[in-house]
Each structure stands twice: as structure tokens, then as C-alpha cells.
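Subject: Structure handover and side-chain notes

Hello,

Here is the structure I said I would pass on. My notes on its side chains follow below it.

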Amino acid sequence: MAKNTSLYFRIVEGRNLPAKDVSGTSDPYCIVKVDSEIVARTATVWKNLNPFWGEEYTLHLPTGFHTLSLYVMDEDTIGHDDVIGKISLSKEAIASQSKGLDGWLSLRRVEPDEEVQGDVHLSLELQTTGQRALLRCDVIEARDLAPRDISGTSDPFARVLFNNHSAETSIIKKTRFPHWGEQLELELEPRELTDGGSLTLEIWDWDMVGKNDFLGKVEIPLSCLLKSPLQEGWFRLMPLRNAEDDAGGKLGAVRLKVRLIEDQILPSMCYQPLVDLLVESVIKPVEVDDVSPLTMLEEVTMAESRQDVAMTLVKIYLGQGLVVPFLDYLNMREVNHTSDPNTLFRSNSLASKAMEQFMKAVGMLYLHEVLKPILNRIFEEKKYVELDPCKIELNRTRRISFKGVVSEAEVLESSVEVLQGYLLAIMDAIVGSLAQCPIVMRVVFKQLHKRVEEQFPGPAHEAVQSIGNLGLQLGQGKEQWMAPLHPVILSSVGSFRDFLDKLIDVDCETVSDRLQRAPFLPSVTLKEGYLHKRKTEGPQLLTRFAFKKRYFWLNSESLSYAKSPDWQVGPGVRSSIPMEHVCAVERVDENAFQLQHVMQVLMRDGDGQTSTMYLQCKNVNELNQWLSAIRKASIETSGKLPSYHPGTHRGGRWTCCLQSDRAAHGCSRTHSAVTLGDWSDPLDPDAEAQTIYKHLLQGRDALRERYLELPDDDAGRKHLTSSQSSDDTACAMLLGRRGQAVASRLLAMVLELERAHLTFQQREAEEAINHIMTP
């Protein structure tokens, strides 16, 4: 039985942050770490002590993670960024809240002795012979230690302590992955074995000048060694002190939403009956007002969970090749239950959320293809634009004029001209993108148009079937300073209506099951963009000359690159790496090339030979996105590497662990399970079905109470006829019996899945006990 761990967090806003700049403000941004792994960085909010970020992330993680940490930083254009404060949440603290954490958390000071990371590999043995006791500690190695020196490394040594006894290892210079392989022995008095206490191993960074820096410690109670005299394995390093100083609230606070989801995934055969029942809802649709498994699922889903359920269902039906009838079924019910066309899809219904998630899953690539060139140009040009007179900063106008300070009127005139050009380019790109729009989206839109037209026919509702009231409310809002852009928008209304009419002019019969799965076909590009690739030849080149700019494309079959993003680049010019050759994708230490945001793709060819390609990204978020995307694309690759070198082999040794053998086993564990959750996640039918099962399990009592615990027919009929006609009564009773049948089937499947989970959990527990008892 597989286990999935997902962590959702949203960084909402900060308040009362301290001023770090001479201007009396700060430029705050947040860095998020899971254990020692940086997983996200928010945007910088300039000159603000009460910033709003509103950024959210979903992470897929290994089950063994310990801590989620958030650091609030002040960005400086010169020198290092300042640390404002941090928030640390243990896995246990997050898991203790079934609905997740949601609230304001005070920032705490960052103490160097608390900023530890990494693990140490130890073998401990307690030998007692007569009047002599010997405590032997083999200090083998450590990995991923915190960098304490300006070079991005440390000079670590280990110290073993018990009562008044101590012993130290040698110092390993300039590494975060030391290999000691040293045996330390402490001779103890027999009476010391009865006093309790703990064996402590500390790791320190040696400094020639000043005091040594603390890197972490491990404490092992003597009682453990008395019960089991031999202990061996990797131990997580802990901070020097466990209590953190909250600075009396002087560092401000951050509002966070954090939720941990841990699932145990059963074999596919266990979920098949539930999937079949969901499929039956759309291939054998019931009457609009009748009940179905989908309507029951919507009934028991909490409002805050409806988006997750919608995305899960979209993926299930995409996997089954039935996303078109699924959305048509939901949209038909939504439209027929709406009396005012102005409120269509305004509610937090399953239909509205499913359409939203479908357009993300299927339309995101289309959106990127259409708008990416224009948005890239906007960011590259970096023109200062502002139409709100209250927000114009004349000191930033040097970007639009070299003739000295310009007036406010000149800034407004220039901004209007720039924005009109951008707006026209964006609208032209949209109306010219008909051929690029996925066929499955066009069919869904056509069917939606048909359902709306059936419910709201006639000229009075013509706008509903076209483009709504676009242009009719321009100028009636609060932002009157946007008025100079209105003529551009109004001039494009006709072309947009024509675009929408052509968009739904498509043959529904042309959409096969295969096309409904189109977003996840191998040929679809999952990610693309410029990266800097290190040349494998010429190791004598200086670092800044060894990295060359190349354009990369990633799909589920290969990672390819060329000098140009031109799609006409021939196969002889474009290089390609099959995904089945990718055996790990990891970060690279900054000190390896003295560069930030470098990753490595480790590959194994058909002959079993391993090679490495180094790629540099623009920033930490782009690095995380590429790491995540390549890990997902290579998820089916067999023979993944369990360890890797975070450094590079240079000067006859690895820069990380200082081993000389180029073929030496990696000194740090790989992180293939750490990925960002988004619309491009591979389909996992079992994980999606498990999510639906969990929501049904939570709503089981409500379903049973509503559909199964009904009064007898006579009492029920008497209650209904008091306010309904005989026809309505008969219809209601018929719907009640149908609801009973559907609810009975659904609840029976939930019960079977619950039993399956208990069976597998019991089996795992028995296997664990047998493993412990086996000598």
C-alpha cells in the first residue's frame, strides 16, 4: 500500500513588520523551506510593513519530513538581504489540526544555533565486561550540514559527550558532507550505567579565529543502549535549544493557511467499483432533478473543499476519456437550476469549480502559448507605467526619459501609449488563436452554449450566449483613471464576439476518447524556456564561459534543447534526452560553481554509464519548477538513484564530500518525491479515487440520514401530501426510492474501501512486528 503526503500552504499577508531600511520601511518577501530544502519564494512587496502576498502552493513530499519553516526577508539591492524573522511548524503541529492551521503567527528571531540541518551516520555499541564498561561510537559521516563559512561550506568535526567524558574526531575542511570513518571510545564506571542520562554527539564548524559554530546534535538515552547494545543508522541533527524567542511580538506576524494531507493508497482493484459508479453517472445520465453519485458527492462536500474535489473529478474523467459528458452533465444541472441568467456560474457549485479546473488542466498550455510571447516582452522591456495619479513616482521616470525629471502629465501620456500597445497586442493574440485552442475545450464550450440557449432562449438573452455585457459597464467603476483604455476595449468587442462564435463552431463528433485525454499525451510540452547549460567538454574553461544559453522543451518522453526556440529547428540540430534515461534531478551546491540556482540531471544510458548535465535557472522559483516538472515527467523511470553528489568533481575530488573517486556513491539522498502540485501533475487514478473516497467517508453519516433513514411509506406520504399535489407526491416518493438505491450502492462501496484500508494497515503492522522480531 503506497503512501502519499501533500502539504498545502498559503502565505496570505504580514502585519507590523519592523523597518529595515533607512527610509523607515522594508521590502519583504518570504522563503519557504521543508526541512533544509527551499521550495518556494514569494514576490517582493516594496516599501511596505503590512505586505499582502496571497501566494499558495501544494507540495508532494516524502512521509519523513519534519518541519515547515517560513523566513521573512528584507530585499536589499546592495549586499545581503536581511532576515526579519521566521516561523517554524513541525509536522506533528500541522497534522494535529484536521482542517489545517489558519491564522496569524508571530515571527521569531533567527538564532544561528537553531538553524541546523542534515543527518549524521553513527554506529553505537555499549560493551560491559566485569568491572569495565566501554561506550564505542563510530562516527561514519554526515550529510547536508548547514553552511557556516563565507565559501558556502563548513569545517566540521564531531564531539561525543557522556557525563564528564568526551572525545573528538578530526576536522574535515571545506565540506558539508564530511566522511570521518573514525571510532571514538569512552571508558565508563559501572555506576555510571545506573544514573540514566544520555549520550550526546555534537557537530561543530571549526573556526581559526573566534568561537566555533554549532551545526547540530543527537541525543541517545542510555536506556536505549542498555536495551539494545548496538545502534546503527542515520540520525537527524537537532538544534542546541528547543525554545525559540518570539521577541515579544516586536517582529510582526504573518497570516498562514497550512494543511497536511496524508493518504494511504490501496491497489487499483479496490477503487474500480467506485470509479465505475462515477463513470455510470455520465454515460447513463439521469433526469435533471434526479439524484446520482455526483450530486450526492456535491451534497457532502464542504464549500472549502469543493475546488479540490472538482480538480480530482476532472482528472478522473480525463483519465477515462469522458470529460466532455462529465462537464455537460454538471453544466446541464447548473443551467436548469438557475432562474436568473445573470447569476450563472456565480456560485461555489461543483459545476463552476469543475469548469474552472478543467480550463486550468486543459487550457493552461494554450494560454501560455498564446500570451507568453507578449508577457515576456512586457517583462523584458521593464517600462515604467502608471495611470493612477496618486501612485505616480517621478523618481522612477528615468526609465522613460533621459532629459531630467519629467512632469506627471508626461508620465500619464507615456503610460497610456505603452498600455494601449500592450492591450492591442494581447487582444490580437487572443482573437487570432482559434486554431491553437484545444478541440476538447471548444466542444465543451459549444455544449455549454447549447444548454444556456435551451434554458434562456430568445433575443432578450442574446448577450448570455455571446459575450455577456462586455463594454456596457465601462466607465461605471471606481477606477476612472483607466478611461483612456476604454476606446481600445470597445473597438475590439465586435472581433471578440466573432471569435467566440467561431470558437463554438465545431463538430462535437470529432472528439474521441483519445482527444479528451489530450492534455496528458506525450507530445504535449509540459515546460519550456531558456536555461544555461554547462558544456561537458573543456573543463579548463572558467565557470562564466562554461555555461551557454539554450532553449529547452520538456514532455513526458524527452528533455530536448537547441540554440533557438524556433519550432522549425530540425532533429539534427536539436539534442534530446529520453525520460527513461533520467535517474535523478537534484540541486547543486552554490560553492560547486560559485553560482546560484544550478540543478543537475543525472542520466544512465543503455550501457549503464552515468553522466550529468548541469543547468542554471534564473531564480529559485524557476529552479523549483524545472526540478518538479522533470521529476514528474520521469516518474515511471526504473532504477532511480538513491543518492547523489550535490557538488561537482573538480580538481581530482568531489567538492561536496571531498572523495577522490569520480564513481563514488553519492553523499546525499535524492529527493524524487518532492514536487510542486499543479495542473500538469501526471494522472494517478488511484490517488484521485482515494480523494473521492475520503470525502464520501466524511459525509457518510449525512448521506445515511438523508437517504436511508426515511419514514415508512404511509407516514412519509402523509407528510408530503400535506403540502403537495398527488403528482408531486408520487414524483417525490419515486425520487426518494431512487435516492435510497444510489445511496445504498455508494455507502456499500465506502464500507468496502474502509475495510480494505483496515486490512492493509493490519497487514503492514504484522509485517513490521515480524521484521522487528526477526534476528
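Two rings of Phe, Tyr or Trp (its six-membered ring) count as a pair if their centres lie within 6.5 Å. In this sense Y530, Y551 and W553 are joined by ring pairs into a cluster. Please keep in mind that the model is a predicted one.

Aromatic rings

Searching the whole structure gives eight aromatic pairs. Take W204 and F214: their ring centres are 5.3 Å apart and their planes meet at 75 degrees, so this pair is edge-to-face. The cut-off behind that word is an angle over 60 degrees. W204 belongs to strand β13 (residues 198-205) and F214 to strand β14 (residues 213-221), so the pair ties together parts that are 10 residues apart in sequence. The cut-off for buried is under 20%.

A second pair is formed by F593 and Y614. Here the centres are 5.1 Å apart and the planes are at 75 degrees, so this pair is also edge-to-face. It links distant parts of the chain, since F593 is in helix α15 (residues 590-593) and Y614 is in strand β23 (residues 610-616), 21 residues apart. Both F593 and Y614 are buried.

Charges over rings

The charged end of R15 sits over the ring of W104, at 4.1 Å from the ring centre. In another place, R143 lies over the face of W234, and the distance to the ring centre is 3.8 Å.

Cysteines

How many disulfides does a search of the whole structure find? The number is zero. A disulfide is a covalent bond between the sulfur atoms of two cysteines. As for where cysteines sit, C30 is buried, with a relative accessible area of 0%, and C583 is buried with 2%.

Salt bridges

Side chains of opposite charge can pair when their charged atoms come close. Over the whole structure, the search finds 32 salt bridges.

K353 forms a salt bridge with E356, and the closest N and O atoms are 3.7 Å apart. Both residues lie in helix α7 (residues 350-381), three residues apart, which is about one turn of the helix. K353 has 18% relative accessibility and counts as buried, whereas E356, at 29%, counts as partly exposed.

R451 and E454 meet through their side chains in a salt bridge of 3.6 Å, N to O. They are three residues apart in helix α9 (residues 439-455), so about one helical turn separates them. R451 is buried, at 18% relative accessible area, while E454 is partly exposed, at 47%.

R755 is partly exposed, with a relative accessible area of 44%, and E752 is partly exposed at 47%.

Salt bridges can also join into a network, as they do for E13, D102 and R255.

Nonpolar cores

In soluble globular proteins, nonpolar side chains tend to be buried together. The largest nonpolar core in this model has 71 residues. Which residues have the most contacts inside it? They are L313, Y317, F326, F358, I692 and L696. Helix α7 gives the most to this core, with 10 residues. That is the helix that also holds the salt-bridged K353 and E356.

Leaving aside its neighbours within four places in sequence, F326 is in contact with V282, L294, L313, V314, Y317 and A354. Apart from this core lies another one, of 31 residues, including A167, L188, L193 and I203.

Regards

How values were computed:
Residues numbered from 1 in each chain as written. Predicted model: local features only at pLDDT ≥ 70, side-chain atom pairs only at ≥ 80, totals over all residues. Heavy atoms only, no water. Phe/Tyr/Trp six-rings, centres within 6.5 Å; stacked < 30°, edge-to-face > 60°. Helix = DSSP H or I, 4+ residues; strand = E, 2+ residues; numbered from the N terminus. Buried < 20%, exposed > 50% of the residue type's maximum accessible area, 1.4 Å probe, protein only. Lys NZ or Arg CZ within 6 Å of the ring centre and 35° of its normal. Disulfide = S-S within 2.5 Å. Salt bridge = Lys/Arg side-chain N within 4 Å of Asp/Glu carboxyl O. Core = buried A, V, L, I, M, F, W, Y, C linked by side-chain atoms within 4.5 Å. Contact = heavy atoms within 4.5 Å.
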